[in-house]
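Biologist: I am new to this structure and would like to learn how to read its disulfides. Could you walk me through them?

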Amino acid sequence: MEARRQAGSRASCSFYATLASLFVLLWIVAYGARYGIPSVRNLKSTIASYNIYTPLGSSPSHVVPATLNSVDDLIAAIREAAAAAAGGRELAEEAAALGRRERAAWHDTSPCRSRSELQGMYDRRKFARDVSPNSRWETVVDEYAKLHRTCLRQVGNSTEYFLKGSSSTGCNFVILDTPKVGLGNKLLLKASVLLFAVLTQRVLLIPSDNQNGLEQLCEPFVGSSWKLDEDSAIQDYGHLWQSTGAFQKWVDRNEIKSELSRRTADPFYAANLNDPYQPMVRFYCNTEQAYLSKVTWISIGGCLYFLPKLFAIPAFRPALEQLFPDRMALTHILRTMLLPADHVWERIRNVEDVYLDASHKRVGVQLRFFGLQSQYKQKNDIVNEHVLQCANENDFLPRVLPPRVSSSRYPQNAEKPRNITKVLIASLFPGLHDYLSPIYLQQMTETGEGVGVVQLTSENEQHFGSEVDVQAFVEIMCLSFSDFLVVTPWSTFGGVAQAYGALKPWFVNYDSDGPACDRAQSVDVCFDQARDDFLCPHDPELHGKSLLSHVPYIKRCLRNDADGVQLITDHESNVPLIPTQ
């Protein structure tokens, strides 16, 4: 089932992202040819010779982003945007007001049991240390929800507002539209765009077709909705959306004008920032972010998680560091904004009650065979042995006694209460279940504990659709309730489970050489295919510099995970390895 629901997962997404990077290189070369730059290597020196890219602040007309120096600055910026939309600060409270009846009606039409019940599922764990609540993030979310409903109330019909080319309310918008990818990719992209929307005070809207998977999620903003109706035509008017290349040329042109004539930027109404499977490479530059603040509508799509590099944008970094000092941003966003809808939550609770609730300890295992049947036949035996070896060596599954010893000990322990460990497996194939079940069914363990193995689905092929995403969400959440988690490198499905659960997983080794598994370096997920340098021609202090040296808590992903960068979180999920009381 896991591979079924992960169709279009990180592997396929990465393939297309690699092609996209080639287009970026071609664009750089074309850009260089236009401005007489003989080579990419000479880009910086040629820029200097033209003297059009001056340091930030050196020219009064150079567009400089408003730096968010603290969480208070972020909250103030959100409130200011809401006040502007309402027509003034004195009208802001009334414009965002949500009376008792309105609030009750919204909760009736947008129920969400998981909002109040989810934390209790993590509190039950005895061997995993959970992340602390983040009251500052919750305050920011509350303020953002006010902005969201104020803007949508003032705008009315968002499609008509867009087609008129209006910016009368002062509200800015971001539309997220994902291609046909797996649920893991969808959730990670939503988390990335959510944080970007909050940081830039943009109203997040998502088309409500099945492809975007909104029916599996609760509405996140009290008194408002992030859904664009299915009959909304905003994305259909392609001629009104300008491309990434057009936006970057607009920035270049206006930077030249600002230096030569001190003129303000030309208008730019709607920009599509896909490149094409992640935001454009210059998205992480101060100057580009400053110009984006002048664009009323932007669209972001693709399939790659990009949240880690938001911490690299200088204008955002101080507020993000104060808001998420442990870098557990993804976990907090998932648990507050991307919650399972009631029909999904009901199924999750049923699985927990029927199959997993009686356990003293929980182990989750997520296996993905990207080559499907061919890789499964080739790697199944190796993977099975490595999973068990990894669990034994790291003491979250007990070793078994030889059959004769097991027989002699069983009567002595038959009447003694035993702790039960449940192993939940999420995989398209039944190999690991069929390997572990007889081992723990037929032999006693050294510790005397019992081990039960559970696999909800194993369908041997990939499928698509809404029901696929529902079952995917069920298994992701049930994996996240584990005390210990073993996942497949490169798989966003396992990555989302580790992030919801605030778990630092073990990556199983699919090759015969090397250790059985490696411990992850972070709870956060890898931003696959990400550059680790800045391409910021209008920010000389950043351009060509190493992102890793500027932001010490962003590092390259482990070699056995993926080729990209990730946030290094300050959270140890399994220390000490003793049960909590």
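Modeller: Happy to; we will go through the disulfides pair by pair.
This is a predicted model, where local features need pLDDT of at least 70, side-chain atom pairs count only at pLDDT 80 or more, and totals for chains, interfaces and linings use all residues. Residues are numbered from 1 along each chain as its sequence is written, and side-chain values use heavy atoms, leaving out hydrogens and water.

Biologist: What is a disulfide, and how many disulfides does a search of the whole structure find?

Modeller: A disulfide is a covalent bond between the sulfur atoms of two cysteines. The cut-off used here is a pair of cysteine sulfur atoms within 2.5 Å. Searching the whole structure gives 5 disulfides.
Take C151 and C171, whose sulfur atoms are 2.1 Å apart. Their link is left-handed, with -90 degrees about the S-S bond.

Biologist: Which parts of the chain does the disulfide of C390 and C517 tie together?

Modeller: The sulfur atoms of C390 and C517 are 2.1 Å apart. C390 belongs to helix α16 (residues 372-393) and C517 to strand β11 (residues 517-519), so the bond joins parts 127 residues apart in sequence. Helices (H or I, at least four residues) and strands (E, at least two) are DSSP runs, numbered from the N terminus.

Biologist: Why is the disulfide of C526 and C557 right-handed?

Modeller: The torsion about its S-S bond is about 95 degrees, so the disulfide of C526 and C557 is right-handed.

Biologist: Is C526 buried or exposed?

Modeller: Buried means under 20% relative accessible area, exposed over 50%, and partly exposed in between (1.4 Å probe, protein chains only). C526 has 3% relative accessibility, so C526 counts as buried. C557 is buried too, at 9%.
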